[in-house]
Amino acid sequence: MQQSEKLTSLLEAARKIGRFYCKYVTANDVGLTNAHQEGLHIAKPAWNIFFETQGVKGENKDKYVKIHIDGFYPFESRVIYYGRGTRNEYRITRFWTNSPWDKDQQVGNLIVFLPISEEDFKVYILDTEEEIEDFTDHFSLNLMGNNAIYDGGRVSDIDLSRRLEEEIEYAVSQFDDFPATADMADIARQIHHEVYKRKPFTPDLIILEWVKTEYSTFKSLERHLYQEYLTEPFGEVEFLVEVANTILNRRKSRAGKSLEHHVDYLFSSFNLPFSHPGRSEGNKKPDFLLPSNAAYADMSYPASDLIFLGSKTTCKDRWRQILNEANRIERKHLLTLQQGISPNQLNEMEDEKVTLVVPKPYHTLYPEQYRDRLWTVEKFIQFAEEKYKS
């Protein structure tokens with residue numbers, strides 16, 4: 001698919017400037033919670049993108065910056081560090097009121113801040129999954145922690161324990177090629193288990209832990225296997241392009257199947273009956289059918305005892321793909337790692353009888369009045385266990 005002008009402009013600017021901060025817009029960022037904070041929250045490690053010196057606890061400080069958006073007049077916003085009292089956070093205020101965007105509809109979109117100078121920032125918002133994935137794949141970003149900082153080739157996005165990092169480095173040193181996507185997921189779970197075998201995890205937390213560990217393992221494996229390309233010149237532009245495309249395609253392939261592999265393993269560990277992939281009308285392949293493809297194909301089997309579960313890392317646009325994947329099942333479930341969705345999209349999902357299954361730590365990123373519609377991973381498992389208990 002051809003890149004949009006917006007994405008092309010963003011990639012060119014990000015490569016040229018070499019520094020940026022990006023984050024998913026959450027319900028809190030646009031005032032759709034009962035919290036009294038104002039403006040976009042900035043992760044504390046990103047202070048050096050916006051300030052020359054780090055904020056000091058016990059003191060507030062601020063600066064006015066000019067925001068540049070392609071196609072619009074620059075406007076003024078305020079970057080603040082709140083250090084007094086119990087607060088210890090950075091925010092950007094006077095942003096939504098001056099910007100061309102409807103803030104309520106930005107929940108779940110990716111906003112990117114690029115420092116042109118100490119007082120000027122180019123800002124982009126990516127609102128389609130294709131654009132977001134292309135951007136994050138290009139810079140090898142993982143946004144499971146909601147945000148990422150890119151600074152001269154160094155990426156800060158998720159924190160790992162030293163022990164986990166050591167286990168990952170040891171594991172990848174044993175490989176001389178990339179494993180298949182299912183094997184990559186299995187390796188990540190083995191690494192995580194080795195480090196945390198005595199620590200209990202809920203289904204909601206373990207899914208996030210496995211996906212996070214797999215991303216870090218894959219990223220480390222990339223560095224290990226492509227080390228020669230990082231230290232020696234390519235010589236030919238065509239070879240450079242070929243290697244770059246291979247890297248991007250492999251990143252997309254792994255990310256696209258990662259969540260499915262871990263959900264399969266999790267369901268198996270709870271002895272749930274399921275088929276993965278499923279098989280329904282017209283040879284369609286829904287991600288998961290419970291209790292089995294055979295039960296779905298048996299028209300005498302009660303439709304009320306069938307469960308459909310889609311699995312999509314993000315679902316801002318793609319959630320509609322599941323609507324016709326299992327006609328016998330009216331209420332569809334969709335497990336996703338999407339960090340927030342706008343009220344309009346959540347209402348559309350409810351109208352289409354789609355229930356979102358979201359890991360519990362991400363529920364606070366959704367508009368507060370809609371959170372009671374969300375299921376946790378644990379709730380879905382309990383729902384399936386109750387339905388199929390022997």
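A: To begin with the terms, on a 1 Å grid over the protein atoms alone, a cavity is a set of points where a 1.4 Å probe fits but cannot get out, whereas a pocket is an open set with protein on both sides within 12 Å along at least five of seven lines, and lining residues have an atom within 4 Å of a point. Grid points are joined across faces, edges and corners, and a volume is the space filled by probe spheres set on the points. This is a predicted model, where local features need pLDDT of at least 70 and side-chain atom pairs count only at pLDDT 80 or more, while totals for chains, interfaces and linings use all residues. Residues are numbered from 1 along each chain as its sequence is written, and side-chain values use heavy atoms, with hydrogens and water left out.

Q: OK, how many cavities of 30 Å³ or more are there?
A: The structure holds one, and the largest cavity has a volume of about 30 Å³.

Q: Which residues line the largest cavity?
A: The lining is made up of A171, V172, F175, P179, M184, I187, I191, T217 and L221. Two or more of these residues come from each of α4 (162–172), α5 (181–196) and α6, where helices (H or I, at least four residues) and strands (E, at least two) are DSSP runs numbered from the N terminus. The largest share, three residues, belongs to α5.

Q: And by class, what is in that lining?
A: Eight residues are nonpolar, one is polar and none is charged, counting Ala, Val, Leu, Ile, Met, Phe, Trp, Tyr, Cys and Pro as nonpolar, Asp, Glu, Lys and Arg as charged, and the others, Gly among them, as polar.

Q: Switching to the largest pocket, what is its volume, and what lines it?
A: Its volume is about 850 Å³, and 36 residues line it, with E133, A255, G256, T313 and T314 lying nearest its centre. By class, the lining divides into 13 nonpolar, 10 polar and 13 charged residues.

Q: Which element gives the most to that lining?
A: That is α8, with nine residues; α3 (129–138), α6 (203–225), α8 (237–269) and β11 (307–312) each supply at least two.

Q: Now packing: which residues of the largest nonpolar core touch the most other members?
A: Among its 50 residues, these are V263, F267, L309 and L356, and α6 contributes the largest share of this core, six residues. A nonpolar core here is a set of buried Ala, Val, Leu, Ile, Met, Phe, Trp, Tyr and Cys residues joined through side-chain atoms within 4.5 Å, and buried means under 20% relative accessible area, with exposed over 50% and partly exposed in between (1.4 Å probe, protein chains only). Another core, of 27 residues, lies apart from it and includes I42, F51, I67 and I92.

Q: What is L356 in contact with?
A: Taking contact as heavy atoms within 4.5 Å, and leaving aside neighbours within four places in sequence, L356 is in contact with C315, L334, T336, I341, L346, M349, Y366, R373, L374 and W375.

Q: Which residues are buried in α10?
A: In α10, which spans residues 343–351, P343, Q345, L346 and M349 are buried. They are on the same side of α10 because they cover an arc of only 165° around the axis, the arc being that of the directions from the helix axis to the C-beta atoms. These buried residues pack against β13 (354–357).

Q: And what happens just after α10?
A: There K353 takes a positive phi of about 60°, although K353 is not a glycine. K353 lies in the loop between α10 and β13 and, at 33% relative accessibility, counts as partly exposed.

Q: What about S140, buried or exposed?
A: S140 counts as buried, at 11% relative accessibility. S140 lies in the loop between α3 and β8 (147–151), and has a positive phi of about 55° despite not being a glycine.
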